[in-house]
Amino acid sequence: MQPEFTPLVWPDDADAAVDFLVADEWPFHGTPRLDREQAAGLSLGGHDVAAFWVRVDGVPVGLIRAFDLDDIPSGSPLLDIRLAAPYRGRGIGVLAVRWLTDHLFTRHALLVRIEATTRHDNTAMQTVLTRCGYRLEGRLVEAWVNDDGTRADSLIYGLLRREWASVN
Ligand SMILES: CC(C)(COP(=O)(O)OP(=O)(O)OC[C@H]1O[C@@H](n2cnc3c(N)ncnc32)[C@H](O)[C@@H]1OP(=O)(O)O)[C@@H](O)C(=O)NCCC(=O)NCCS
(Lines give C-alpha, C1' and ligand atoms only; values in the text may rest on other atoms or scores of the structure.)
Protein backbone atom coordinates (compact mmCIF):
# COMPACT_ATOMS: atom_id res chain seq x y z
CA MET A 1 0.00 0.00 0.00
CA GLN A 2 1.67 3.21 -1.17
CA PRO A 3 0.29 6.30 0.55
CA GLU A 4 0.63 9.81 -0.82
CA PHE A 5 0.88 13.01 1.18
CA THR A 6 -0.84 16.22 0.13
CA PRO A 7 -1.05 19.52 2.02
CA LEU A 8 -4.12 20.17 4.12
CA VAL A 9 -5.10 23.56 2.71
CA TRP A 10 -6.18 25.93 5.44
CA PRO A 11 -8.98 26.96 5.83
CA ASP A 12 -10.42 25.36 2.67
CA ASP A 13 -9.99 21.81 4.02
CA ALA A 14 -11.15 22.62 7.55
CA ASP A 15 -14.59 21.02 7.20
CA ALA A 16 -13.17 17.90 5.56
CA ALA A 17 -10.60 17.60 8.35
CA VAL A 18 -13.30 17.89 11.01
CA ASP A 19 -15.41 15.28 9.18
CA PHE A 20 -12.41 12.96 9.19
CA LEU A 21 -11.61 13.50 12.87
CA VAL A 22 -15.15 12.98 14.21
CA ALA A 23 -15.71 9.84 12.13
CA ASP A 24 -13.23 7.73 14.06
CA GLU A 25 -12.03 6.87 17.52
CA TRP A 26 -8.55 7.88 18.76
CA PRO A 27 -7.91 5.52 21.66
CA PHE A 28 -4.44 6.85 22.43
CA HIS A 29 -5.27 10.55 22.37
CA GLY A 30 -6.51 12.47 25.42
CA THR A 31 -10.00 12.74 23.88
CA PRO A 32 -10.79 9.47 22.06
CA ARG A 33 -14.11 10.70 20.61
CA LEU A 34 -14.04 14.27 19.33
CA ASP A 35 -17.16 16.32 18.69
CA ARG A 36 -17.09 18.85 15.87
CA GLU A 37 -16.16 21.75 18.13
CA GLN A 38 -13.28 19.83 19.70
CA ALA A 39 -12.04 18.70 16.28
CA ALA A 40 -12.19 22.24 14.92
CA GLY A 41 -10.19 23.38 17.95
CA LEU A 42 -7.19 21.21 17.06
CA SER A 43 -4.27 22.93 15.36
CA LEU A 44 -4.93 21.93 11.78
CA GLY A 45 -3.59 24.97 9.98
CA GLY A 46 -1.89 28.30 10.44
CA HIS A 47 1.56 29.77 10.24
CA ASP A 48 3.25 27.42 12.71
CA VAL A 49 1.57 24.17 11.62
CA ALA A 50 2.36 21.88 8.69
CA ALA A 51 -0.54 19.48 8.10
CA PHE A 52 -0.92 16.85 5.40
CA TRP A 53 -3.51 14.37 4.28
CA VAL A 54 -2.40 10.78 4.05
CA ARG A 55 -4.11 9.39 0.94
CA VAL A 56 -4.46 5.89 -0.44
CA ASP A 57 -5.75 5.73 -4.00
CA GLY A 58 -6.65 9.40 -3.64
CA VAL A 59 -8.86 8.82 -0.59
CA PRO A 60 -7.92 10.59 2.67
CA VAL A 61 -7.13 7.91 5.26
CA GLY A 62 -5.13 9.97 7.73
CA LEU A 63 -3.76 13.28 8.91
CA ILE A 64 -0.17 13.98 9.86
CA ARG A 65 0.96 17.26 11.35
CA ALA A 66 3.89 19.11 12.88
CA PHE A 67 3.36 21.98 15.34
CA ASP A 68 5.44 24.81 16.72
CA LEU A 69 7.27 25.49 13.48
CA ASP A 70 7.58 29.14 14.52
CA ASP A 71 10.07 28.17 17.21
CA ILE A 72 12.72 27.01 14.74
CA PRO A 73 15.70 27.03 15.24
CA SER A 74 15.55 27.12 19.04
CA GLY A 75 12.46 24.95 19.48
CA SER A 76 11.59 21.43 18.36
CA PRO A 77 8.43 20.85 16.34
CA LEU A 78 6.14 18.11 17.63
CA LEU A 79 4.53 15.43 15.43
CA ASP A 80 1.02 14.05 15.51
CA ILE A 81 -0.45 11.36 13.26
CA ARG A 82 -3.95 9.90 13.03
CA LEU A 83 -4.84 7.10 10.64
CA ALA A 84 -8.42 5.93 10.16
CA ALA A 85 -8.99 2.60 11.94
CA PRO A 86 -9.20 0.41 8.80
CA TYR A 87 -5.79 1.70 7.70
CA ARG A 88 -3.92 1.07 10.96
CA GLY A 89 -1.49 -1.82 11.24
CA ARG A 90 -0.67 -1.84 7.52
CA GLY A 91 2.69 -0.09 7.58
CA ILE A 92 1.37 3.36 6.65
CA GLY A 93 2.47 4.94 9.96
CA VAL A 94 6.16 4.28 9.30
CA LEU A 95 5.92 5.64 5.74
CA ALA A 96 4.04 8.75 6.91
CA VAL A 97 6.36 9.63 9.82
CA ARG A 98 9.39 9.01 7.60
CA TRP A 99 7.92 11.23 4.90
CA LEU A 100 7.10 14.11 7.27
CA THR A 101 10.52 13.85 8.92
CA ASP A 102 12.23 14.10 5.52
CA HIS A 103 9.93 16.96 4.55
CA LEU A 104 10.63 18.98 7.71
CA PHE A 105 14.40 18.60 7.65
CA THR A 106 14.52 19.32 3.91
CA ARG A 107 12.15 22.26 4.03
CA HIS A 108 13.51 23.97 7.17
CA ALA A 109 17.25 24.39 6.81
CA LEU A 110 17.66 25.62 10.40
CA LEU A 111 15.67 22.82 12.01
CA VAL A 112 17.88 20.91 14.45
CA ARG A 113 15.50 18.40 16.08
CA ILE A 114 11.98 17.00 15.90
CA GLU A 115 10.06 15.61 18.86
CA ALA A 116 7.12 13.30 19.35
CA THR A 117 5.29 12.28 22.49
CA THR A 118 3.08 9.27 22.87
CA ARG A 119 1.13 7.64 25.67
CA HIS A 120 3.14 4.85 27.33
CA ASP A 121 0.72 2.16 26.10
CA ASN A 122 0.71 3.22 22.42
CA THR A 123 2.95 0.38 21.28
CA ALA A 124 2.26 0.91 17.59
CA MET A 125 3.38 4.54 17.70
CA GLN A 126 6.47 3.64 19.69
CA THR A 127 7.39 1.05 17.07
CA VAL A 128 6.78 3.56 14.29
CA LEU A 129 9.00 6.20 15.91
CA THR A 130 11.81 3.74 16.57
CA ARG A 131 11.65 2.46 12.99
CA CYS A 132 11.89 6.05 11.76
CA GLY A 133 15.10 6.65 13.73
CA TYR A 134 13.60 8.50 16.70
CA ARG A 135 15.26 7.87 20.06
CA LEU A 136 13.34 7.34 23.28
CA GLU A 137 14.54 10.24 25.43
CA GLY A 138 12.44 9.98 28.51
CA ARG A 139 9.32 9.08 30.40
CA LEU A 140 7.22 11.96 31.72
CA VAL A 141 5.45 10.40 34.67
CA GLU A 142 1.69 11.12 34.74
CA ALA A 143 2.15 13.99 32.30
CA TRP A 144 -0.62 12.70 30.01
CA VAL A 145 -4.12 13.77 31.03
CA ASN A 146 -6.96 11.66 29.67
CA ASP A 147 -10.45 12.92 28.95
CA ASP A 148 -11.83 11.33 32.13
CA GLY A 149 -9.26 13.05 34.34
CA THR A 150 -7.08 9.97 34.78
CA ARG A 151 -3.39 10.41 34.09
CA ALA A 152 -0.86 8.29 32.24
CA ASP A 153 2.85 8.47 31.50
CA SER A 154 4.10 10.14 28.31
CA LEU A 155 7.10 8.91 26.39
CA ILE A 156 9.13 11.51 24.58
CA TYR A 157 11.11 10.75 21.43
CA GLY A 158 13.56 12.92 19.51
CA LEU A 159 15.54 12.89 16.28
CA LEU A 160 18.43 15.23 15.46
CA ARG A 161 19.20 16.51 11.99
CA ARG A 162 22.67 14.95 12.08
CA GLU A 163 21.17 11.57 12.97
CA TRP A 164 18.65 11.89 10.15
CA ALA A 165 21.37 13.06 7.72
CA SER A 166 23.59 10.09 8.54
CA VAL A 167 21.03 7.68 7.12
CA ASN A 168 19.77 9.86 4.24
C1 LIG B 1 -0.16 4.81 15.78
C2 LIG B 1 -0.25 4.70 14.26
C3 LIG B 1 0.18 6.00 13.60
C4 LIG B 1 0.72 3.59 13.82
O5 LIG B 1 0.70 3.50 12.43
P6 LIG B 1 0.34 2.11 11.75
O7 LIG B 1 0.39 2.28 10.29
O8 LIG B 1 -0.92 1.59 12.33
O9 LIG B 1 1.54 1.23 12.24
P10 LIG B 1 2.34 0.24 11.33
O11 LIG B 1 1.40 -0.62 10.55
O12 LIG B 1 3.40 1.02 10.58
O13 LIG B 1 2.98 -0.69 12.42
C14 LIG B 1 4.15 -0.36 13.08
C15 LIG B 1 4.47 -1.47 14.01
O16 LIG B 1 3.61 -1.41 15.14
C17 LIG B 1 2.99 -2.65 15.30
N18 LIG B 1 1.63 -2.42 15.70
C19 LIG B 1 0.63 -1.93 14.96
N20 LIG B 1 -0.50 -1.85 15.69
C21 LIG B 1 -0.16 -2.34 16.93
C22 LIG B 1 -0.87 -2.52 18.12
N23 LIG B 1 -2.16 -2.16 18.21
N24 LIG B 1 -0.23 -3.03 19.18
C25 LIG B 1 1.06 -3.37 19.09
N26 LIG B 1 1.81 -3.21 17.98
C27 LIG B 1 1.19 -2.71 16.92
C28 LIG B 1 3.01 -3.33 13.97
O29 LIG B 1 2.92 -4.72 14.12
C30 LIG B 1 4.29 -2.86 13.40
O31 LIG B 1 5.34 -3.65 13.87
P32 LIG B 1 5.86 -4.88 12.98
O33 LIG B 1 6.22 -4.28 11.66
O34 LIG B 1 6.98 -5.40 13.79
O35 LIG B 1 4.73 -5.81 12.85
C36 LIG B 1 -1.71 4.35 13.80
O37 LIG B 1 -2.03 3.07 14.29
C38 LIG B 1 -2.74 5.35 14.26
O39 LIG B 1 -2.99 6.33 13.60
N40 LIG B 1 -3.36 5.07 15.43
C41 LIG B 1 -4.39 5.97 15.99
C42 LIG B 1 -3.85 7.35 16.29
C43 LIG B 1 -2.62 7.33 17.16
O44 LIG B 1 -2.48 6.59 18.11
N45 LIG B 1 -1.67 8.21 16.77
C46 LIG B 1 -0.43 8.41 17.48
C47 LIG B 1 -0.58 9.54 18.45
S48 LIG B 1 0.93 9.85 19.33
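Helix H4 contributes 5 residues to the shell around the ligand, the largest share; helices (H or I, at least four residues) and strands (E, at least two) are DSSP runs, numbered from the N terminus. The model is a predicted one, in which local features need pLDDT of at least 70 and side-chain atom pairs count only at pLDDT 80 or more, while totals for chains, interfaces and linings use all residues. Residues are numbered from 1 along each chain as its sequence is written.

In total, 20 residues surround the ligand, a residue being near a molecule if its C-beta atom, placed from the backbone, lies within 6 Å of it. The closest are Leu 83, Arg 88, Gly 93, Ala 124 and Thr 127. At least two shell residues come from each of strand S4 (78-83), helix H3 (92-107) and helix H4 (123-131). The shell comprises 9 nonpolar, 7 polar and 4 charged residues, with Ala, Val, Leu, Ile, Met, Phe, Trp, Tyr, Cys and Pro counted as nonpolar, Asp, Glu, Lys and Arg as charged, and the others, Gly among them, as polar.

Strand S4 also takes us to the strand pairings, where two strands pair if DSSP finds at least two bridges between them. S4 runs antiparallel to S3, with 6 bridges joining them, and Arg 82 of S4 stands opposite Leu 63. Strand S3 (residues 59-67) is in turn joined by 7 bridges to strand S2 (residues 50-56), again antiparallel, and here Val 54 faces Gly 62 in S3. The S2–S3 hairpin has 2 residues between its strands, and Asp 57 adopts a positive phi near 50 degrees.

Elsewhere, 7 bridges link S5 to the antiparallel strand S7 (residues 151-160), and Glu 115 has Gly 158 as its bridge partner in S7.
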